[in-house]
Amino acid sequence: MTNRLFRLQEKGVWHLPFGMDADALIGEYEVAGQGQVFRFFSELAGAEQAALLEQAVGIDLGEVARLSCDWQDGGIGDEDYSSLQPAPYKLHPSSGGDASQWAFASQIGGAALRAGRVAAFTVAGGQGTRLGYDGPKGTFPATPVKQKPLFQLFAEKIRATGERFGQCIDWLIMTSAQNDADTQAFFESNDYFGLESEQVHFFMQGLMPAVDDSGKILMAGKGLIAMSPDGHGGSLRALVRSGHVKRLQAKGVDTISYFQVDNPLVYCIDPVFIGFHLQERAEISSKMVPKAYAGEKVGHFCLRADGRQVVTEYSDLPQELQEKRDPETGDLYFLAGSIAIHVLDLEFVARVGGVEASVLTLPFHFAHKKVPCIDAEGKPVQLTEPNGIKFEMFIFDSLLLAERSLIVETRREDEFSPIKNAIGQDSAESSKRDQSAQALRWLAAAGETVRGIKTVETSPLFAQTETEFVKQWQSLNPKPDLMDGMYLSENVKNLKETS
């Protein structure tokens, strides 16, 4: 049946967690004004009843009521955009930053990695639907020569960092109800891409029920509540509720390197970034890239009048502020773009992602959407306009809750080329092109002439940075011949991809 609910066949009584029985749970829903959830309960088969009870027992009815009231009161409030200023950030050496500071931060981050204080965290709950791909997005083939899936690429990066610093680094992967089984099966069938199975940990993203404008929970079917993911901000409370925060703390881990599954260029565990985070005693640190153009669809790092850093979504910041220019430099005034790469203090995650309502302080955002559902007679509703409210949290809202936060510049060409669209900008094609361009820059930095070569792939096990690449390349004797379609593995084998 399930590992959380079971039925005593001889008595026909359902038993739920915490000693609550089905009648008591149904009664709670009635008292909360959500009795419609169990309107068709008596018509359901036993397995369908079990599934509905399991959904229902996981919903915080008080939270739903509070959020519904917030929605009816107009949401979480309008931001005073007129008072926003650009948030400060540490300049990359290529932009005039102090190279000696970056070198010192690398030493601090390296020491933390050697001490086993760092774990990696990937948010990977999505499917490849927008890419025309049937499967978890992390299984999508993403590299220019070997067509490695995203999960393999990240696994090799984490493995390379672990080997460099002498640690078996934990990798936390947040899946969804939609892709959890497929994701775990993919790792098992590929022998965890060279990682130890014990260092890879899967847990599912939280779900929230959708409600109508009056706060009534919508039903997707007679035995199915209309649920949707609680947003990437929900990853923090999923970390807490899954028990991984306590488990990591017991191991001596105090720092989490967070990234999303759609960015092949990400430096999964960056010693410099970690070093700056620890040096500043920040609770959350974020990487930024200068925006490519005014209307680029990334969040903006801003500073509020109260001194708190915040990310303002591109859809929220007024167009005139997006296009505003610095009168001295001519650059965009709000130049710092958010690319969803963070380092988080584990104690901060425990506080922000706490289960108790008094502790959980990340705000929910509201989205008015078309939510497939049934009516009071159990018939599908024909939707012509938005009918439901979905609730989700954004991880960057945790900046507002942090006593100390930090923003660090990185170079777009080194660390940001997401795969979001099937074609055009931010597509697999554009990302593969950017990955090859990075490898070609590294070859040029090593003194090689790369004219006429378009497609190159470098394994993270060969090098993860330009400095590492130059050192590795110069140590090769003899060096491989440069050719289009070249692949540099950890053993410099299989240089030419075969059809």
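User: Before we look at helix packing, how are the axes and angles defined?
Analyst: Axes are lines fitted to C-alpha atoms, for helices over the stretch in contact, and angles run from 0 to 180 degrees between N-to-C directions. Helices (H or I, at least four residues) and strands (E, at least two) are DSSP runs, numbered from the N terminus. This is a predicted model, in which local features need pLDDT of at least 70 and side-chain atom pairs count only at pLDDT 80 or more, while totals for chains, interfaces and linings use all residues. Residues are numbered from 1 along each chain as its sequence is written, and side-chain values use heavy atoms, leaving out hydrogens and water.

User: OK, at what angle do α13 and α14 pack?
Analyst: Helix α13 (residues 428-445) packs against helix α14 (residues 466-475) at about 55 degrees, and their axes are 9 Å apart.

User: Which residues meet there?
Analyst: From α13 it is W442, L443 and A445, which meet E466, F469, V470 and W473 of α14, where contact means heavy atoms within 4.5 Å.

User: Switching topic, where is Q205 found?
Analyst: Q205 is in the loop between β6 (200-204) and β7 (207-209).

User: Is Q205 buried or exposed?
Analyst: Q205 is buried, because its relative accessible area is 13%, and buried means under 20%, exposed over 50%, and partly exposed in between (1.4 Å probe, protein chains only).

User: And what does its side chain reach?
Analyst: The side chain of Q205 reaches the backbone oxygen of G231 at 3.1 Å. Leaving aside neighbours within four places in sequence, Q205 is in contact with M174, T175, S176, P229, D230, G231 and H232.

Methods. Polar contact = N/O pair within 3.5 Å; in protein donor to acceptor, adjacent residues only side chain to side chain.
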